[in-house]
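Here are my notes on the complex you sent over.

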Amino acid sequence: MTLLTAIMVGVIFASSVYLMLGRELKGVCMGVFLLGHGANLAIIATSRSPIGLQPPVLGGHSWQGLVDPLPQALILTAIVIGFAVQAFLLTLLVVSWRRAKTLELNELAVEPAH
Amino acid sequence: MSQHLIVLFVVLPMLAGILSLFAHGRRTLQAFIGLVFLLANCGVAIWALITVCQGHGADAGILVSQMGNWPAPFGITIVVDPLSALMLGVESVVCLAVFIYCISQLSDRFGGGFFQPLYHLLMMGVQWSFITGDLFNLFVAFEIMLMASYAMFVVGTTPQQIRQAYKYVILNLIGSTLFVTCAGLIYGQLGTLNMADITRIAVSGQLPVSSIPVIAMLLLVFGGKTAIFPLWYWLPDTYHTMPAAVGGLFAGLLTKVGAYVMIRVFVMMFGSSQEVSSIVAPLIIVSAIVTMFLGVLGAVSMHSVRRILSIHIISQVGYMLMGIGLGIAAVSGLTPTQTLISREMAVAGAIFFILHNMVVKCCLFLCGGLMIDHAGSDDLEKIGGLLKRAPWLAALFMIAALSLAGLPPLSGFFGKWVLVKESFNQQQYSLTGFAVATSLLTLLSMLKIWSYGFWSPPQGKHVEHPEVRPATAGGLFSVALLVVFALSMGFGAQAYMNVSRYAAQRVLDPRPYIAAVLGEQHSPPHLPAENTVVAAAKLNPLASNGEVRR
């Protein structure tokens, strides 16, 4: 289970790096979003293999057979923050499209060098 | 009981942000709300600094508040120790000064609308990262700070500058993602994210070997935020596109937060772990040399006020790294007691330098802003003759610039003096040489702004630029406030250095911190032999502390 998650994290990180190396802003932003998901998956993997354990909800059973709830709390926070960042980046994309009519990094006007 | 007041460092800016959001569109009302809350914030910061410095007994001057009264490693802890208190004290004054500048000097294009709510939220993030006692909360605080900074970055930008915004936003996002991954992995390795608890594990030598690569990876995260070599490339390209006031705020606060966190993590949390220090310290020292020297060479080659000042941030960060590196590096040729004192002085020097830099760097950016407003351009080829047209500005700029270059008796001198002396004591001669050379080149680049901008006759025919706005009283007042603060750090250097040294002691010997956060029973009975001499070198921080900040 942990091995599978680790491979998935690796694949997600690799694809997001590939996306971010492009020159097209939409792709770059998608790469950043994907990187966040990879990080979340890596964190959830630190709560060890959940096989044979109960969900971390008290009621009925003792706390001993529960999955470690803290990584889940961590990624909940990280997901919320990720949402905000994604919204901001998407807004930025729309604004720069309206202003420059292009999302290619090479075509976005470069400031004259001093 | 009163120690729970430290939560105000987060609550006050948050309230100010929300209230001024509701006052959207009414700039005067927003400014009034902002001033009231910022003054209150300064008051709380001074109270915290005095309380922390007076604490000598069991609490040892560390204010702790457990959110929701959950006991320490399980809940969220906020802590103000001498290091945080010093940072908060100076930061709150700098924020007040920049705010006065912004409300009186910025045009509506930049300063109107949602600028002020963002300003308070940025401050909330900065102060939260100073007081948090938990690695994951540090991530959240960073995100709040960065989110506000992204938005402030794009306010009023031209299409060209949007391109730079992507660079800033995306590089910071990658850094944050790396940080949250590291935090998760550290939790997986150590089973805790509480800083005091992690410190306890490191001090008692129980750090699992597999956690060391993750900890070293944190250097990459904080190095990116602090703009150290080789992670500084985003900074010179982005800071100069902002209005000078925003640039000053970012220059004064954001990279310094990174430096503060590096002290907290690599000196306090993992400084006692040989395994971590032996990896991190050489990296930090090499990076310090390259950072300070390349940064200043860049500044000498630039020809625009804002560009010179922004690339200077990098070179100054090199000095902070130098102190951090000397605080944890392996030392040869000194007795254990000498080593401890030398480390303590190096960290104290780094802390003093961060405080000095917050004030002076910010002040120079504000001066640069006033110069640009006077001349309508920030290209040194086009402006000139400001000495006659704005003599007060010239005087203020000169004091700030000489402080940055480090001429005695101004504040930059004392920070550099301590750092250079300790690098010499620890036989890191290349560090000594580069630090002194960088200092000379700093003076050169500052004189360049001085002679082109102020002293030379106006070049060519002076074109009245449409965006020329003469300096307002508020703008000059805020610069003068920062200059007076910088002067007090120069002439009262002994007092500031004593408090910095007290903070450095608390950072290098984290037992009181652990005891204050986790409770006495968790305090490790003894430190590795070389750390126990700290007690011998105790000095009384109150000796001259009463007058530190009036």
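Is Phe293(B) buried, partly exposed or exposed?

1. Phe293(B) is partly exposed, because its relative accessibility is 23%, and the cut-off for buried is under 20%. Its ring forms an aromatic pair with Phe434(B), edge-to-face, with 5.0 Å centre to centre and 70 degrees between the planes. Phe293(B) sits in helix H12 (residues 274–301) of chain B and Phe434(B) in helix H18 (residues 429–455), so the pair ties together parts 141 residues apart in sequence. Phe434(B) is partly exposed as well, at a relative accessible area of 31%.

2. A word on confidence before going further. This is a predicted model, and the predictor gives the complex an ipTM of 0.91 and a pTM of 0.90. For chain B the average pLDDT is 86, with 90% of the residues scoring at least 70. Where pLDDT is low, the predicted coordinates should not be read in detail.

3. Chain A is quick to describe. Its 114 residues hold three helices and zero strands, so to speak an α-α-α run from the N terminus on. Buried residues make up 32% of the chain. Of the contacts in chain A with a separation of 6 or more, 53% are between residues 24 or more positions apart. The accessible surface comes to about 6,900 Å², and 70% of that belongs to carbon and sulfur atoms.

4. Back to the aromatics: over all chains, a search of the whole structure finds 24 aromatic pairs. One of them is Phe153(B) with Tyr168(B), which is stacked at 5.0 Å centre to centre and 15 degrees between the planes. The two residues are 15 apart, Phe153(B) in helix H6 (residues 135–154) and Tyr168(B) in helix H7 (residues 159–190) of chain B. Phe153(B) counts as buried because its relative accessibility is 3%, and Tyr168(B) is buried too, at 1%.

5. Which residues make up the aromatic cluster that includes this pair? Phe88(A) is in it, along with Tyr150(B), Phe153(B), Tyr168(B), Trp234(B), Tyr239(B) and Phe250(B).

6. Helix H17 (residues 411–425) of chain B is worth a look. Its 15 residues reach 22 Å from first C-alpha to last, close to the 21 Å expected. Its buried residues include Gly412(B), Gly415(B), Lys416(B) and Glu422(B). What do the buried residues of H17(B) pack against? Their partners in chain B are helices H13 (305–328), H14 (336–375), H16 (391–405), H18, H19 (473–491) and H20 (493–508). Just after H17(B), Gln427(B) takes a positive phi of about 60 degrees.

7. Finally, His356(B), which is found in helix H14 of chain B. This histidine is buried, because its relative accessible area is 0%. Its side chain is joined to that of Ser411(B) by a polar contact of 2.9 Å, and Ser411(B) is one of the buried residues of H17(B). Leaving out residues up to four places away in sequence, His356(B) touches Ser403(B), Leu404(B), Ser411(B), Gly412(B) and Met489(B).

Methods: Residues numbered from 1 in each chain as written. Chains lettered and ligands numbered in written order. Predicted model: local features only at pLDDT ≥ 70, side-chain atom pairs only at ≥ 80, totals over all residues. Heavy atoms only, no water. pLDDT = per-residue confidence, 0-100. Helix = DSSP H or I, 4+ residues; strand = E, 2+ residues; numbered from the N terminus. Buried < 20%, exposed > 50% of the residue type's maximum accessible area, 1.4 Å probe, protein only. Contact = heavy atoms within 4.5 Å. Areas by Shrake-Rupley, 256 points an atom, 1.4 Å probe, with all protein chains shown as cover. Phe/Tyr/Trp six-rings, centres within 6.5 Å; stacked < 30°, edge-to-face > 60°. Expected span 1.5 Å × (residues − 1). Polar contact = N/O pair within 3.5 Å; in protein donor to acceptor, adjacent residues only side chain to side chain.
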